[in-house]
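This note sets out comments on the structure shown below.

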Amino acid sequence: MSKGLYIHIPFCKYICSYCDFGKKYIKNQPVDEYIDSVCLELDMYKPFTDVNSIYIGGGTPSSLNQNQLTKLLSKIAEVTTGNSIEEFSFEMNPDDVNEQILKTLKQFGVNRISLGAQTLNDSILEKLNRKHTASEVREAVKLATDIIDNVSVDFMFNLPGQTKADIDQTLEFIDQSNIQHVSYYGLIFEDHTILATEDHKYWSVDYESEMYSYIQNCLNDYGFEQYEISNYAKNGKQSIHNIHYWIRNEYYGIGLSSSGFIGNKRYTNTYSLKSYIDQIANEKFPVKDEEIITTEDEQFEKIMLGLRYHSFVELDPKVIEAISNDSFLADKFDYKRDAIRLKPSEYYISNQIILDVIERIEC
């Protein structure tokens with residue numbers, strides 16, 4: 001079974017007000033040392049076998065300078081030689097997109113760009129502490145699709161001050177662009193983020209549900225297939241790398257705070273930048289936590305992850321029978337003899353449904 005390779009670049013030129021990912025403000029950080037450490041960690045795991053997807057995420061990978069980027073990409077090419085890489089994704093902010101970086105990425109085999117746009121409303125972008133403008137999003141998408149044609153764009157809904165007119169503007173842009181993949185997320189108020197401490201007027205739960213369905217239906221009309229709760233693709237351009245996560249394929253996690261899943265073990269690297277660099281220098285794996293996945297864990301993960309993804313999940317026939325006879329759950333699924341699949345119309349309340357399914361299994 002093919003594996004994925006994820007590499008984390010934690011540095012950002014600015015910190016978005018909603019973000020709780022593992023990140024560091026790039027100014028005065030040991031970026032060169034970090035890239036050297038990532039290259040050494042890659043050497044610690046090689047040879048990589050059966051890797052078919054690579055994803056460089058963050059943070060903001062496009063915050064690296066040309067020398068740092070070239071060093072990282074050269075090492076990745078070295079350690080993945082012999083693998084058939086179907087998808088090589090690289091995350092970027094729209095304001096970092098230029099011809100030079102795109103051509104460098106393409107030279108080293110990157111064939112998919114993921115742009116974090118979030119919205120086309122400049123005042124909301126300012127509230128999110130995003131430094132790009134709607135105009136820069138449009139320019140970035142045009143340039144990226146000209147050089148690397150497989151472009152995914154992230155957008156969000158239920159942002160502070162956002163209206164249906166803002167959503168319509170974004171949807172119209174998606175329809176008129178050559179975007180092949182869209183990730184459309186509802187804002188989650190994570191603890192310890194700037195946005196969570198501010199007083200904004202947000203949508204009601206009912207209106208958020210209505211707008212989720214509206215976005216879902218519009219994108220379907222534009223020819224996008226919804227293959228996961230927040231992800232839509234045209235022309236078979238589903239994210240190969242992210243599908244590894246949803247169907248429980250193995251993947252390597254490289255870099256600060258990265259997580260991996262190899263064999264029956266899940267691991268997470270240290271969140272301390274100093275500890276990460278020091279452990280790599282001492283030829284130690286920078287793993288902070290490890291977990292052996294039991295049969296019960298596997299069943300739980302199969303449901304939690306698999307029901308997000310638009311494919312059938314195999315379950316014990318007795319469990320399926322219990323679900324089909326449950327007054328709340330019965331009409332939420334498509335059924336096969338030994339498997340169920342969540343209906344797209346129920347994606348918005350998927351968390352509640354998935355927890356109910358787990359309760360039926362535990363009973």
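1. Basis of the model. This is a predicted model, in which local features need pLDDT of at least 70 and side-chain atom pairs count only at pLDDT 80 or more, whereas totals for chains, interfaces and linings use all residues. Residues are numbered from 1 along each chain as its sequence is written, and side-chain values use heavy atoms, with hydrogens and water left out.

2. Helices H1 and H2. Helix H1 (residues 31–45) packs against helix H2 (residues 66–79) at about 0 degrees, their axes being 10 Å apart. H1 is therefore roughly parallel to H2 (angles under 35 degrees count as roughly parallel, over 145 as roughly antiparallel, 65 to 115 as roughly perpendicular and the rest as oblique). Helices (H or I, at least four residues) and strands (E, at least two) are DSSP runs numbered from the N terminus. Axes are lines fitted to C-alpha atoms, for helices over the stretch in contact, and angles between N-to-C directions run from 0 to 180 degrees.

3. Helices H2 and H3. The axes of H2 and H3 lie 11 Å apart at an angle of about 15 degrees, and the two helices are therefore roughly parallel to each other. Gln 66, Leu 69, Thr 70 and Leu 73 of H2 meet Gln 100, Ile 101, Thr 104 and Leu 105 of H3. This contact has four nonpolar, four polar and no charged residues.

4. Helices H3 and H5. Helix H3 (residues 99–107) and helix H5 (residues 134–147) have axes that come within 10 Å and cross at roughly 35 degrees. H3 contributes Glu 99, Leu 102, Lys 103 and Lys 106 to the contact, and H5 contributes Leu 143, Ala 144 and Ile 147. Four nonpolar, no polar and three charged residues make up this contact.

5. Backbone geometry. Most residues other than glycine have a negative phi, and most peptide bonds are trans. Lys 46 and Pro 47 are joined by a cis peptide bond with omega of about 5 degrees; Pro 47 is in the loop between H1 and strand E4 (51–58). The bond from Gly 58 to Gly 59 is also cis, with omega near 25 degrees, and Gly 59 lies in the loop between E4 and H2. Gln 118, although not a glycine, has a positive phi of about 75 degrees; Gln 118 belongs to strand E6 (residues 112–118).

6. Gln 238. Where is Gln 238 placed? Gln 238 is in the loop between strand E10 (231–233) and helix H8 (240–246). Leaving aside neighbours within four places in sequence, the contacts of Gln 238 include Glu 87, His 181 and Tyr 227.

7. A pocket lining. The lining of the second largest pocket includes Trp 246, Arg 248, Lys 302 and Phe 312. A pocket is an open set of points on a 1 Å grid over the protein atoms alone, where a 1.4 Å probe fits, with protein on both sides within 12 Å along at least five of seven lines; lining residues have an atom within 4 Å of a point. H10 gives the most to this lining, with three residues. The lining divides into five nonpolar, two polar and four charged residues.

Notes
Contact means heavy atoms within 4.5 Å. Ala, Val, Leu, Ile, Met, Phe, Trp, Tyr, Cys and Pro count as nonpolar, Asp, Glu, Lys and Arg as charged, and the others, Gly among them, as polar.
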